[in-house]
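Here are a few notes to read with the model open beside you.

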Amino acid sequence: PTEIRFARASGGNLLVVGQHREAAFATVSAIAIGLAARHRPEDIRMMLLNGGGSDEFTDRLAGLAAALPHGLEIVEPRRIPEIMEELEGLTNADDDGADAARRRVFLFVFGAQRLKALRQDDDVMFSLEGGESTPVSQRFANVLREGPERGIHTVVWCDSLGNINRTFSRKARAGTGFLSRSH
């Protein structure tokens with residue numbers, strides 16, 4: 001038996017690494033079903049960024065979403081900037097200590113290696129000036145780092161260590177807790 005507790009504390013995210021998409025889908029499904037069994041529909045919001053890459057998995061994800069009474073919002077790649085802006089706003093919201101009563105959010109990232117909008121480039125880290133907005137990858141890193149303490153947890157599936165290194169900057173890997181190096 002395995003149990004995952006998503007505490008409202010730093011590092012309250014989960015990273016799943018492995019090349020077998022079927023196993024990754026089963027793991028993500030089990031986590032979503034477990035969350036649905038443990039929480040009332042009005043207490044949590046579940047979203048999934050779909051980088052699965054095939055119609056077979058898109059259909060399976062739609063089936064999972066339809067089966068859960070909580071719903072599972074399937075976010076297509078073109079909507080990622082909008083969702084990251086919304087989640088980053090929730091991590092920065094000042095609600096005078098009402099965090100414990102706030103609806104928790106669980107963001108699933110299925111196939112991070114295919115979602116280019118989430119990738120950070122360590123060589124191009126600069127501050128944006130003027131009217132330019134924050135890059136999506138930076139917003140994602142902020143959600144990973146700050147979200148768990150505010151009840152926003154992320155479950156990421158990526159196929160390999162090399163793609164994790166391409167997707168997450170060194171700063172993001174160090175700050176999220178789930179990407180820490182183990183010996």
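1. Start with Leu107, which stands opposite Thr154 in β5. Overall, β4 and β5 pair in the parallel sense over six bridges; strands here are DSSP runs (E, at least two residues), helices too (H or I, at least four), numbered from the N terminus, and pairing needs at least two DSSP bridges between the strands.

2. A word on the source: this is a predicted model, where local features need pLDDT of at least 70, side-chain atom pairs count only at pLDDT 80 or more, and totals for chains, interfaces and linings use all residues. Numbering runs from 1 along each chain as its sequence is written, and side-chain values use heavy atoms, leaving out hydrogens and water.

3. β2 also joins β4, running parallel to it through seven bridges. Arg104 in β4 is the bridge partner of Ile44.

4. Seven of the seven residues of β4 are buried, so the strand is largely enclosed by the rest of the structure. Buried means under 20% relative accessible area, exposed over 50%, partly exposed in between (1.4 Å probe, protein chains only). Arg104, Phe106, Phe108 and Phe110 point one way, while Val105, Leu107 and Val109 point the other.

5. Phe140 and Leu144 are among the buried ones.
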